[in-house]
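Welcome! Here is a short briefing to read alongside the structure below.

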Amino acid sequence: MRQIKGAEMKALVADTGKLTLVDFSASWCGPCQMVHPVLEALSAEMADKVSFFKIDVDESPSEAGAMGVRGVPTMIIFHGGKEIDRQVGFRDKGDLRKTLEGLANRFLTPGKV
Amino acid sequence: MQFHLPQDNPGSDSAVDLAIAGGGPAALSAALYAARYGLDHIVLESWQPGGQAALTALIENYPGVPSVPGSQLAATMKAQALEAGARFTTETVSGVEPLGDDLMVRTGTSSYTARTLIIATGAAPAKLGVPGEDRYYGRGVSFCATCDAPFYRGRRVVVVGGGDSAVKEALHLSGVVSGLVLVHRRDTLRAEPRLARRLLDCPTCEVRWNSTLKAITGDEQGVTGVDLDTPSGVEHLEVDGVFLYVGTRPATDPFRGLVELDARGAVLTRNIVETSRPGVYAAGDVTSNGFRQVVTAASDGARAAWAAFEYLDDRRRH
């Protein structure tokens, strides 16, 4: 999972072929450190459906503010540049995977309900 | 004594002597003791690794550790358990059924046959159930001051609650925010006197006694205010953040029907860690024990591992 600067975000989340998850996190936040391995594992397992990026809110405060992030970790999921879901706080792998699979089914395979 | 031999990779349908459900201090302590007793065990880490302790800014009452961030204490406990040989997997228990004298412990992805079980799944912060709470979660509504305080530098916030957690986290926030109002439904704080005094002396803090939060208001960006019900009528406060510490809800859904629960949904225990079912123990905030501290959770976990060890030993002899 690559750490990006806030300014890079807009171009990266515009992808329509895959979903993009941006994890807004901070070095001082306990739950962020705990969710990190979950995201690393999912980024390998779901590479065909979801791209994962991390933004440090201390390095990119204006982007975090613009997205209405007022807590970490906040994971925002995008498709085609639009926010389609937001998860706040620690999520375990099974739980997050289920959410992402559900979103992938909805947004990546048109015609299928 | 003959125990199951530990396996390197417990996968689907593994058999263990002891399954420990949870990831906070109670589970970590149980894991440490289970590993040291040589029990074939698996820790099924659920919800928040480190439990509620990991969300606590500073823990100042764990004996031997004068002052430590909760996440650091939890990480140290886990490292100590791992060092002793504890085995962890990140799977949330979804249900448990009796299987003869054993138990079938199911998770989202696999299942384990366990001879004994320690329920240490803790408790999650309770919600108030007021308008705006869900809508603005993560956009001004928070259950974790430690995680979110830096977003409120120079801003105004309310904290709801009057117990140890509410007051401790309010004190943590008070060092960052420009103003803080603690909303409490009683006329005295339930928090330990030392903490309560610090809050009452804090220059940036106010308290609304005998008051309740009725609604959280906001716009596209997030929370902009709250409506309070106070003895002098409805009061609207303009704030950017709402921190809720209104108690906890025991995480016992997967254990309904397996063991007796009290009216709150906590696992009823006797002799501190014994549940209504032999071979199933409970430890920490998930229990009906009442006093919910990191030190009591750790103590419960140790007792539960010991009780499981004794039970297994007894079963083997008869």
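Asn210(B) sits in the loop that runs between strand E11 (205–208) and strand E12 (212–219) of chain B; strands here are DSSP runs of E with at least two residues, helices are runs of H or I with at least four, and both are numbered from the N terminus. This is a predicted model, in which local features need pLDDT of at least 70 and side-chain atom pairs count only at pLDDT 80 or more, while totals for chains, interfaces and linings use all residues. Residues are numbered from 1 along each chain as its sequence is written, chains are lettered from A and ligands numbered from 1 in the order in which they are written, and side-chain values use heavy atoms, with hydrogens and water left out.

**Backbone points to look at**

- Asn210(B) has a phi near 50°, a positive value in a residue other than glycine.
- Asn210(B) is partly exposed, with a relative accessible area of 41%; buried means under 20%, exposed over 50%, and partly exposed in between (1.4 Å probe, protein chains only).
- For Asn271(B), phi is also positive, near 50°, and this residue is exposed at 55% relative accessible area.
- Asn271(B) belongs to the loop between strand E16 (248–250) and strand E17 (280–282) of chain B.
- In chain A, a cis peptide bond with omega of about -5° links Val72(A) to Pro73(A).
- Pro73(A) is found in the loop between helix H3 (61–66) and strand E4 (74–79) of chain A.
- Most residues other than glycine have a negative phi, and most peptide bonds are trans.

**Chain A as a whole**

- Chain A has four helices and five strands, in the order β-α-β-α-β-α-β-β-α along the sequence.
- Of its 113 residues, 50% count as buried.
- The C-alpha atoms of chain A fill a box of roughly 40 × 30 × 20 Å along the principal axes.

**Where the chains meet**

- The contact (heavy atoms within 4.5 Å) involves 21 residues of chain B and 18 residues of chain A.
- About 1,800 Å² is buried between the two chains, 57% of it on carbon and sulfur atoms; buried area is the accessible area (1.4 Å probe) that two parts lose on being put together, summed over both.
- On the chain B side, Arg139(B), Phe151(B) and Gln221(B) lose the most area to chain A, together 30% of what that side buries.
- The rule finds one salt bridge across the interface, and Glu83(A) and Arg139(B) meet in a salt bridge at 3.8 Å, N to O; the rule asks for a side-chain nitrogen of Lys or Arg within 4 Å of a carboxyl oxygen of Asp or Glu.
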